[in-house]
Amino acid sequence: MAEVVLFHHAQGLTAGIVAFADALRRAGHTVHTPDLFDGRTFDSIEAGMAFATELGFPGEILDRGARAVADLPAELVYAGFSLGVLPAQMLAQTRPGARGALLCYSCVPVTEFGAAWPAGVPVQVHGMDADPIFVGEGDIDAARDLVAEAKDGELFLYPGDQHYFADSSLPTYDPEATALLIRRTLDLLG
């Protein structure tokens, strides 16, 4: 079984993020859900991003992600949702021992954290095909480049225009897409 660190999105460590982690736990995996926002949650992406900016985005968010795994084993799968993709991708690329990466709703160019995607680290990127953030802001292009470079990389697009589609506590939740995302995540963890 895999050991996973799952970083939340800009609305914080919501009940929907915990529910996603619980689905992986029920399959036998160990899942850590660090709270980068010290218990705060937000009603909108904009409010959460304003808080992240106040904390020091992206630097402090990356630092908090690194501190969250400091006492964990090196052999981790790093998962992130939107804002949480930044620490997940950074750690997958820079912390020796990474076993994989799950990047949901976001992706940054590999060159943000190094010269190349690390050999032997499988990666999945998931997003909706009409998400104005994932598609409209260019994350899909970074995702395509990453999976083309990674020996074991996959990009999964789901029909729809929601950004936080796998968070069951939000109105943007898509249960069908989430069920497929969980199945694919379990494949990665297997």
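**View 1. W117 and the residues it touches.** Leaving out residues up to four places away in sequence, W117 contacts Q89, A92, Q93, A101, V110, V123, L146, E149 and A150. Contact means heavy atoms within 4.5 Å. The model is predicted: local features need pLDDT of at least 70, side-chain atom pairs count only at pLDDT 80 or more, and totals for chains, interfaces and linings use all residues. Residues are numbered from 1 along each chain as its sequence is written, and side-chain values use heavy atoms, without hydrogens and water.

**View 2. The largest nonpolar core.** This core has 66 residues. Such a core joins buried Ala, Val, Leu, Ile, Met, Phe, Trp, Tyr and Cys residues through side-chain atoms within 4.5 Å; buried means under 20% relative accessible area with a 1.4 Å probe, protein chains only. F20, Y78, F81, L103, W117, L146 and L181 touch the most other members. Helix α4, residues 85-94, gives the most to this core, with 6 residues. Helices are DSSP runs of H or I, at least four residues, numbered from the N terminus. Across the protein chain, 51% of the 190 residues are buried.

**View 3. Lining of the largest pocket.** A pocket is an open set of points on a 1 Å grid over the protein atoms alone, where a 1.4 Å probe fits, with protein on both sides within 12 Å along at least five of seven lines; lining residues have an atom within 4 Å of a point. Here 16 residues form the lining. S82, S106, I133, E137 and D139 lie nearest the centre.

**View 4. Lining of the second largest pocket.** This pocket is lined by 14 residues. Nearest its centre are Q11, D43, S44, I45 and L170.

Technical notes. Buried < 20%, exposed > 50% of the residue type's maximum accessible area, 1.4 Å probe, protein only. Helix = DSSP H or I, 4+ residues; strand = E, 2+ residues; numbered from the N terminus.
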